[in-house]
Each structure stands twice: as C-alpha cells, then as structure tokens.
Amino acid sequence: MSNHLNRFYAAVSALAGHGDIKQRLTRAFDEHLANVEDDECPLAIKQSFADLRKLMSGVDPLNGEGRVRATVRKMSITEADDCAQKIIDLYTDMVRFDD
C-alpha cells in the first residue's frame, strides 16, 4: 500500500473513532492529510483533494489554534459530515486506482 493510501486509511480510521464529528474530522485531516501533497494523489483525484483542502482550511485561526481546527469549528454538523464523506470517497477512489 502506498504512503498516500496509508494516510487516507488512517484518516478514515480516525473518522470511525470516538468523539463528535468535528473532533474526528479535525483529527483525521490534521494528523493524516494536512501534509499530503496534491502530487502524491492519483491524477483522477487531485482536484477533489485540492477542493477538500480548501474546504478544510478556509478560516483564519484565532488564539493559536490551527487553520483546520478553526475552519471545522465554524462548520455546521452537516458541513462536517459532508467533508468526512469526501475523505471516505477519496479513499475509496484511491483504493480503486491503486489496484
């Protein structure tokens, strides 16, 4: 399994863990996907991952919090659910392309 696929697997595992959706989403992206470069992703998902990165980092942080945490804090539960689903969809696509 390639490194970027391992990172997405770890992110999906974090989404399935304990905590509310915003905590799990922040942990999944911050700890596993924030440092993934678009070039590490298969060509077919580069744009989708770039779009997700924008969704996950659109708010300026306050009081020392990270950009992802600030962005997720401002999201509605529905928006957080949608971002979590995008991570799962990207992982599914990568598994398909990795074969």
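Helix 2 meets helix 4 through Lys 22, Leu 25, Thr 26, Phe 29 and Asp 30 on one side and Val 68, Arg 69, Val 72 and Arg 73 on the other. Contact here means heavy atoms within 4.5 Å. Helices are DSSP runs (H or I, at least four residues), numbered from the N terminus. By class, this contact holds four nonpolar, one polar and four charged residues. Ala, Val, Leu, Ile, Met, Phe, Trp, Tyr, Cys and Pro count as nonpolar, Asp, Glu, Lys and Arg as charged, and the others, Gly among them, as polar.

The model is predicted: local features need pLDDT of at least 70, side-chain atom pairs count only at pLDDT 80 or more, and totals for chains, interfaces and linings use all residues. Residues are numbered from 1 along each chain as its sequence is written, and side-chain values use heavy atoms, with hydrogens and water left out.

Helix 2 (residues 21–33) and helix 4 (residues 67–74) pack at an angle of about 150 degrees, with axes 10 Å apart. Axes are lines fitted to C-alpha atoms, for helices over the stretch in contact, and angles run from 0 to 180 degrees between N-to-C directions. The angle makes helix 2 roughly antiparallel to helix 4, a label for angles over 145 degrees.

The axes of helix 3 and helix 5 come within 11 Å and cross at roughly 155 degrees. These two helices are therefore also roughly antiparallel to each other. Ser 48, Phe 49, Leu 52 and Leu 55 in helix 3 meet Cys 83, Lys 86, Ile 87 and Leu 90 in helix 5. This contact has six nonpolar, one polar and one charged residues.

The largest nonpolar core has 26 residues. Such a core is a set of buried Ala, Val, Leu, Ile, Met, Phe, Trp, Tyr and Cys residues joined through side-chain atoms within 4.5 Å. Buried means under 20% relative accessible area, exposed over 50%, and partly exposed in between (1.4 Å probe, protein chains only). Phe 8, Leu 25, Leu 33, Phe 49, Leu 52 and Met 56 have the most contacts inside the core. Helix 5 gives the most to this core, with seven residues. Beyond its neighbours within four places in sequence, Leu 33 touches Arg 7, Phe 8, Ala 11, Ala 28, Phe 49, Arg 53 and Ile 87.

In helix 4, the buried residues are Val 68, Ala 70, Thr 71 and Val 72. Their cover includes helix 2 and helix 3. Asn 63, in the loop between helix 3 and helix 4, is exposed, with a relative accessible area of 83%.

Note on methods: Parallel < 35°, antiparallel > 145°, perpendicular 65-115°, else oblique.
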